[in-house]
Every structure is written in C-alpha cells, then in structure tokens.
Amino acid sequence: MKTSALFPAIIASLICFPAFAADLPKETPADRDQRMAWFRDARFGMFIHWGLYASPAGQWNGKKIGGIGEWIMNNAQIPVADYEKLAPQFNPTKFDAKQWARIAKDAGMKYVVLTSKHHDGFCLFDSKVSNYTVTTASPFKRDIVKELAAAVNDQGLRMCFYHSIMDWHHPDAQSIAFPNYNGGKSNPNFPRYVENYLKPQVKELMTNYGKIGIMWFDGEWIADWKPDMGRDMYAFCRSIQPDIIVNNRVGKDRKGMAGMSEGPNAAGDYGTPEQEIPPTGFPGLDWESCMTMNDTWGFKADDNNWKSSSTIIRMLIDCASKGGNLLLNVGPTAEGLIPQPSIQRLAQVGKWMKANSESIYGATASPFKKLAFGKCTRKPGKLYLHVFDWPENGALIVPMNTKITKAYLLADKTQTLQTAAAANGQQITLPPSAPDPVASVIVLEIEGQPQPTEN
Ligand code: FHN
C-alpha cells in the first residue's frame with residue numbers, strides 16, 4: 001500500500017474517535033471487597049477454549065503444526081480467506097450446554113470462562129457487528145454463548161467471557177499482519193476496530209446474556225493496544241455491569257507469564273499467571289492461575305500429555321493455599337464434546353471436592369511459608385492441613401505455637417484426633433494410613449491467630 005493511501009485512515013482515526021478515557025473508576029476498599037467476594041470464595045473455575053481451531057485440531061494440509069491448538073492460524077501461516085473456510089464446516093451437533101455446565105458443577109467449579117472470541121476472530125455468539133459468527137457463518141446457527149450462559153446460570157455458577165483484543169481476522173486489526181499475525185505490524189485503523197467492533201461486542205456480551213462474572217481479556221500485548229485503551233475498556237465494562245470483575249490483561253501491565261500487574265494506574269482487578277502457580281502468593285492481591293490439563297488450550301487431536309487427577313487436585317490446593325484461584329482449561333472437539341480424559345479428571349476432582357471443598361471455598365492463604373507434609377489453607381479460627389505425605393510414624397508435626405482446641409478429619413468429622421504440644425510445634429496423632437491417597441484434610445480448630453515457629 002502506498003503511504004498516501006494510509007492518510008485517510010490515519011486522519012479518520014484522529015478525527016472520528018475520541019481519546020480513550022484514561023481514568024479508572026474510583027471505589028472504596030470496602031466496595032471492592034464486596035465486588036471481589038464471590039471470586040475469592042470460588043477458588044475454582046472452568047476455562048473453555050473453543051472455536052474454529054477445534055476442526056483442524058493441530059493439523060493443516062496433512063501436516064502436524066507445532067504449538068498450541070488455537071494458534072494454528074498464526075503458526076501454520078494460514079491466510080484469512082483459507083482459515084475462514086472452516087466456518088461453514090463448523091457444525092458441533094454434539095454440543096450440549098447442560099452437560100458442560102453439569103461437568104463444571106460436579107467438579108466443584110464455581111464459574112465458567114468461555115472464549116466468546118479468541119485471537120482468530122471467530123465469534124461463538126450472535127454479534128450484530130460481525131458476520132464472522134457461529135450464528136451467521138456456520139451451519140450450526142445456534143448462539144453457543146446464549147445456551148451455555150443459561151445452563152451455567154441454571155447450575156448456580158457464574159458465566160464469564162474470554163474476549164481477545166488481538167484479532168487476526170478483522171481488517172482493521174491484525175489481519176493485515178499476515179503471514180505473522182502476532183508479529184506486531186501496526187494497523188492505523190486499529191482505533192476504529194476498538195470503537196466500532198471490539199467495544200460494541202463487549203457491550204453485547206454484557207447486555208444480552210444476563211449477569212456476567214468476569215470479562216477476561218487477552219491478546220493485549222500487541223503494539224496497537226495502548227494503556228489508555230485498557231483503562232477505557234475497564235471503565236466501559238464497569239459502566240455496563242458495575243459489579244463485573246475484569247482481569248488485568250485489559251491493560252498493558254502484565255509482566256510475562258507470571259501475569260501480575262503493579263501500580264495505581266494498572267487496569268484490571270486481578271493477576272493472571274499462566275501455566276504456572278506462583279511460588280508464593282501475593283498478599284493483598286487477587287490472582288488466578290490458568291492451566292491446561294494437557295499442553296494445549298484449544299483441542300489438538302494428538303496431545304495426550306495429560307496431567308494426572310492427583311496433580312490437578314494438588315494444583316487446586318496449591319493455589320488456594322497461596323490465596324489464589326485455579327482456572328482449569330478444557331478444549332472441546334469440533335463435534336462439541338469435552339474430551340473424555342478431561343471429563344474423567346474433572347470427575348476425580350469433583351469426588352475429592354465433595355468431601356473436602358470446605359477447605360477450598362472461601363479459604364485464605366496459609367500462615368506457613370512451607371510445610372514438610374503438604375499445604376494449608378485457613379478460615380477464621382480454623383486451619384485446614386492438606387497432607388500429601390502421610391507420616392509413617394503417625395505423628396504429624398505442625399510448626400506453630402498455637403493452642404489447638406479440636407482436630408479432626410474433614411472427610412469424617414466424627415474422627416477426632418489427639419493433639420499435644422511438642423518440642424518443635426504441635427503434634428497430631430493420625431490414623432495409621434492416609435484416608436485419601438491424594439490429599440487428606442485435617443481440620444484444626446485453634447485459639448487466636450496461628451503463630452508459626454519457622455517463618
Ligand atoms: O495466546 C493466548 C493463548 O492462546 C491462551 O488463550 C492463553 C490462556 O491464558 N492466553 C494467551 C497468551 O497469554
């Protein structure tokens with residue numbers, strides 16, 4: 001394109017679009033606590049990465065494409081016109097919103113974050129500003145977001161949306177950066193995409209599908225997305241649903257995959273570590289680790305590197321013991337099915353949660369920096385010890401100088417346990433074998449604040 005051809009677009013973007021509001025809405029700490037309360041209580045959510053990429057499932061023109069499934073358009077350098085051909089083939093007739101919501105509920109999850117639009121630009125909802133939607137461009141025609149929101153709400157869970165800022169399909173966004181959509185080539189019309197497309201879509205998502213728990217943005221690292229746009233988007237979301245929670249990827253302050261933002265001008269309510277659980281928590285900050293069960297977010301047919309259910313249960317405990325949430329991903333198939341290995345693992349997590357969720361929901365971070373036997377979560381007057389390594393001699397030492405008034409197994413509250421002060425803390429006498437091979441939870445009722453001996 002000649003430089004002169006860019007002028008009208010640049011001038012249009014300068015004249016037609018107001019500056020993005022740079023101020024974040026004000027809120028008292030008490031109001032913020034109230035708004036964040038359900039999120040802090042929940043501790044566990046389901047991430048769903050689903051879109052056109054589920055059809056190629058990691059292969060393009062007969063070749064296996066490296067990297068994560070939902071990045072195939074970028075990684076296989078697929079032109080927009082070729083990738084678009086996936087839309088008329090997208091017909092997930094086995095999609096059953098009620099079943100997905102039930103799977104999440106039975107696993108003990110409290111919220112569901114669905115990709116309403118991922119980086120490839122395809123929308124799983126009926127958007128009036130786009131033809132690149134499941135309702136318009138696919139034979140399926142059904143509004144997936146609507147069906148899932150209804151089912152999720154029916155289960156008493158919170159519906160939330162992942163919406164990508166980066167868009168490899170839109171002519172005013174990153175489509176012009178082909179063959180390297182993520183390559184950072186700037187689009188002078190990007191402000192127009194934000195005002196005429198991205199914000200209207202966010203408004204649709206927050207007005208047409210009931211009360212939304214979280215707007216979960218991503219793809220904010222592109223050069224065209226500016227800090228003011230992030231703050232403006234944050235304020236925009238809060239103006240539509242004042243109680244909504246918005247992740248920190250709405251702004252430009254995320255620090256790599258560790259995912260935290262700092263500073264009074266950083267937009268977003270919580271940090272988003274990705275594929276990692278921070279070694280320590282972040283006292284005073286809210287965060288949520290998002291993790292895959294295998295190595296991809298979007299479905300990839302040959303990714304069988306599944307984490308075990310015990311690893312996943314311990315990941316959840318680890319997050320809660322550091323004061324954070326776990327957002328665990330499923331990547332459904334092009335037919336609309338959550339892969340069986342994911343279903344099996346979620347059922348195992350659900351079984352553990354059925355007996356032990358009291359130690360997770362609403363629990364706060366451990367007072368101990370480290371525990372030799374496992375992890376700990378806390379509630380007023382109570383500690384929940386998650387024992388991963390059951391002591392062979394039956395004596396569990398808790399390194400604290402705090403009086404225990406009662407100790408028992410969470411899975412069987414009738415079984416009280418003997419406690420006694422020991423040289424290096426408090427000793428709990430345990431039954432000879434671990435009631436749960438993954439994590440047995442012992443509740444300690446305590447007097448006053450826990451006083452660790454080793455911090
Ligand atoms: O690029 C995405 C990726 O596809 C996936 O959606 C994850 C989930 O957190 N986030 C991105 C990169 O940070």
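Colleague: Which side chain has an N or O atom 2.8 Å from an oxygen atom of the ligand?

Modeller: That is H118. The contact is polar in the sense of a pair of N or O atoms within 3.5 Å; within protein, one must be able to donate a hydrogen and the other to accept it, and residues adjacent in sequence count only if both atoms are side-chain atoms. Before going on: this is a predicted model, where local features need pLDDT of at least 70 and side-chain atom pairs count only at pLDDT 80 or more, while totals for chains, interfaces and linings use all residues. Residues are numbered from 1 along each chain as its sequence is written, and side-chain values use heavy atoms, with hydrogens and water left out.

Colleague: How far is the side chain of E274 from a ligand oxygen? And a polar side-chain atom of R254?

Modeller: For E274, an N or O atom of the side chain is 2.6 Å from an oxygen atom of the ligand. For R254 the distance is 3.3 Å. The ligand has 330 Å² of accessible area on its own, and the protein covers 96% of that (Shrake-Rupley method, 1.4 Å probe).

Colleague: Changing topic, how many disulfides?

Modeller: Zero, taking a disulfide as a pair of cysteine sulfur atoms within 2.5 Å. For C123, the nearest cysteine sulfur belongs to C237 and is 16 Å away. C160 is in no disulfide either, with the sulfur of C237 nearest at 12 Å.

Colleague: Last one. Which strand does β12 join, and how do they run?

Modeller: β12 (residues 395-398) is joined by four bridges to β16 (residues 425-429), and they run antiparallel. Strands here are DSSP E runs of at least two residues, numbered from the N terminus, and two strands pair if DSSP finds at least two bridges between them. A395 is opposite T429 of β16.

Colleague: What about β15?

Modeller: β15 (residues 419-422) also pairs with β16, antiparallel over four bridges. A420 sits opposite Q427, and a two-residue hairpin connects β15 to β16.
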